[in-house]
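Here is a friendly walk through one model, with a look at charged pairs, a helix and a pocket. Keep the structure open as you read.

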Amino acid sequence: MRASRGTSPAVAPQRGPSAGERPGAPGGEGSAVVLPETPLLDRPGAPGAPTAPVARDGSGAAGPPSAAGRDGALDRHARLVCSVLGVPAAVVSLVSRRLQLFPGAVGLPEPWQTTRLADLSRSSCQQVVASGQPLAVRDAREDPDLRQDAVVTELGAVGYLGAPLRGSDGEAIGALAALSPEPRDWTRREVALLADLAAACSAELQLRRALSDAAEVRAAAESARDEATTAQMRAVGERRDAEVAAARSRLLHEVGQAVSRAREAEDVAAAVVAGVRAGLEAQMAAVALHERGSGALRYVATSAADGDGGDGAGPPEPVDVPEGALLAAREARVVFTPDAATAAATASSAAPVLAGVEAALHAPLLVDGQCLGVLTVGWGSARALLAGERELVASLAEAAAHGVHRCVSLRAEREAARTLQRAMLTELPDLPHLELAARYAPAAAGHQVGGDWYDALRHPDGSTLLVIGDVTGHDIGAAAAMGQVRSALRTLAVATEDSPGQLLARLDATLDVLGADVLATVLAIRLADDGRGEGDLRLRWSSAGHLPALLAVPGSGVVALDGHEADLLLGLAPGSPRRESEVDLPAGSTLLLYTDGLVERRDSDLGEGVERLAEALAEAAHLPLPDLLDAVLTELVGAGGADDVAVLAARSR
């Protein structure tokens, strides 16, 4: 298929005239597209070649369909496309001059899911093959050149995204295609993802071709005795190269996955070190990074074989960085010494050495010309460095560099967000009628930063406003949005005499006028003299989607302030009504405001979490407020929860 008027313009380039109008275009009148031969299809009996899935009897009539054209490995590529792009159907389509096979297919209607065979004259992917470029179509039915295509009329596909599969010579031999039954605007990221998946699938097809070539070489050697020995050695070498290449490709894939999961630079280093030991059979491997502040190079992950040849991987022992690694970092180039004598001849007399290492390779970790560290590989005997080994180390160093750079950037962002968040936490006022205490506990996972906050301020009319809230998100954007909401609320609270419900409504409208893209839960409570002249307080509150406060009254237990259902979150529907409730606050009562990180658990709902908090509050209600908060946090969160926690407590004097 080609990018037509239904194609998302920001994703795939627009094609010129339609296929029927452009000379040499597929399907064009008076022209014939010459598609490249697909060896795995055109050579019957070739190893790894899919067989034709339609049997014929002596009369030439087609027999019953079968699944002979199915290839389990290529089916996995199709399933991966469905998983990554969220489509119900995908195909690995290979074409030749005579036919089109779907050796990999998921989600096709019958009989195509079974037969895996189609007439090339009705092929949709041949345009991808002819152009050699990715092709995205939003809705094929909107294009008169495409609406009668078999992919639309028979396979039921409306949205189409295809990327070329390439043979070892670089020519397109088929397409990896995602099929959608509904119109779909394909994004640049989706096009790039499919192109990457097509490259992986192409690599597998090319490897099969290489193995097939090796088999041909072996067959020729058997028929020509005078060249048998030479041909056999060539075939063995090619097979070995292919196996080594496949093993190293798997290694790079596994290391890449581990690096992508890492949250800290040290975890990236450990993953790369393990990969180096496995892929290069080295005596030792290590990654050194520049220390924060001093900039000194220090090994943060090492792995070395023990005296019995076992794996001594573990926390890095103190190892001085040798001069070769310092040189690699300073000059941003690979440094290799084939033996210890060569290393000693080029180093200063005081330079440290790697114990038990003869040959050593030091590869800098470079990102945009900046050296972040060094990957060191050491062997126990003198040796030369093979080209494949150099390429593997370079690939691992590149993966390590980008992983470290990502983790360092994330760490800086987290620290900036935490600094911003902590800077905005209120210093609680000293009030004659209320004792106040608060705690903020960050998530146990260091990569999480929340928008939790609390506030307490004395209004000019003598009342006290207590607020707690949670801005959605777990990044520096959430922390910044939290600061915006907090500042706006403090300003409005001091400048007006609004009740809690009126204050939240005004805050919601203000954020909307300012164009703040914020979703937040907020609980606002105003404490004021009850007017009876006895010094007792009256509590009035309003909730914008926040969890209810808990009130512990001496001799009466703990109750949740849920006199009305929580209203909508701020930012969800500005202008929506805000309700209020009120209750007396007897002397000695303890009021607890909190965010959902205190009560939320994966194995239970929020209601159960609030009940656990109420029980913990009842047990600790007699304690001084700071001790009470510590006891509650220990009981419900322990060493650390999955989310940030803010908690504010008030006790009437």
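R411 is buried in this predicted model, because its relative accessible area is 16% and the cut-off for buried is under 20%. This arginine sits in helix α11, which runs over residues 387-423. Setting aside neighbours within four places in sequence, the contacts of R411 are E264, A265, E266 and R292.

One of those contacts involves charge. The side chains of E264 and R411 meet in a salt bridge, with N and O 3.0 Å apart. This pair ties together distant parts of the chain: E264 belongs to the loop between α7 (228-261) and α8 (265-280), R411 to helix α11, and 147 residues separate them. Is E264 buried or partly exposed? E264 counts as partly exposed, at 23% relative accessibility.

**Salt bridges**

The count of salt bridges comes to 23.

| Pair | N to O distance | Relative accessibility |
|---|---|---|
| R138 and D185 | 3.0 Å | R138 27%, D185 46% |
| D213 and R209 | 3.0 Å | D213 28%, R209 26% |
| E264 and R411 | 3.0 Å | E264 23%, R411 16% |

Where do R138 and D185 lie in the chain? R138 is in the loop between β6 (135-137) and α5 (150-153), while D185 is in the loop between β8 (172-180) and α6 (188-223). The two are 47 residues apart, and the pair links distant parts of the chain. R138 is partly exposed, and D185 is partly exposed as well.

The pair D213 and R209 has another setting. Both residues lie in helix α6, four residues apart, which is about one turn of the helix. An α-helix has 3.6 residues a turn, so residues three or four places apart point the same way. D213 is partly exposed, and R209 is partly exposed too.

Salt bridges can also share partners. R538, R540, E580, E582 and D584 are joined in this manner into one network.

**Helix α15**

Helix α15 covers residues 625-636, twelve residues in total. From its first C-alpha to its last, α15 reaches 16 Å, close to the 16 Å expected at 1.5 Å a residue.

Which residues of α15 are buried? They are L625, L628, L629, V632, L633 and L636. Viewed down the axis of α15, the buried residues fall within an arc of 130°, so they line one face of the helix. T634 and E635, on the other side of α15, are exposed.

What do the buried residues of α15 pack against? Their partners are β14 (434-441), β22 (590-594), α14 (606-620) and β23 (645-652). After α15 comes G638, which has a positive phi, near 70°.

**The largest pocket**

Finally, have a look at the open space. The largest pocket holds about 950 Å³. Its lining is made up of 23 residues, and H77, A200, A203, E204 and S249 lie nearest the centre of the pocket. Which elements give two or more residues to this lining? They are α2 (72-85), α6 and α7.

Note on methods
Residues are numbered from 1 along each chain as its sequence is written. This is a predicted model: local features need pLDDT of at least 70, side-chain atom pairs count only at pLDDT 80 or more; totals for chains, interfaces and linings use all residues. Side-chain values use heavy atoms; hydrogens and water are left out. Buried means under 20% relative accessible area, exposed over 50%, partly exposed in between (1.4 Å probe, protein chains only). Contact means heavy atoms within 4.5 Å. A salt bridge is a side-chain nitrogen of Lys or Arg within 4 Å of a carboxyl oxygen of Asp or Glu. The expected span of a helix is 1.5 Å times one less than its number of residues. The arc is that of the directions from the helix axis to the C-beta atoms. On a 1 Å grid over the protein atoms alone, a cavity is a set of points where a 1.4 Å probe fits but cannot get out, and a pocket is an open set with protein on both sides within 12 Å along at least five of seven lines; lining residues have an atom within 4 Å of a point. Grid points are joined across faces, edges and corners, and a volume is the space filled by probe spheres set on the points.
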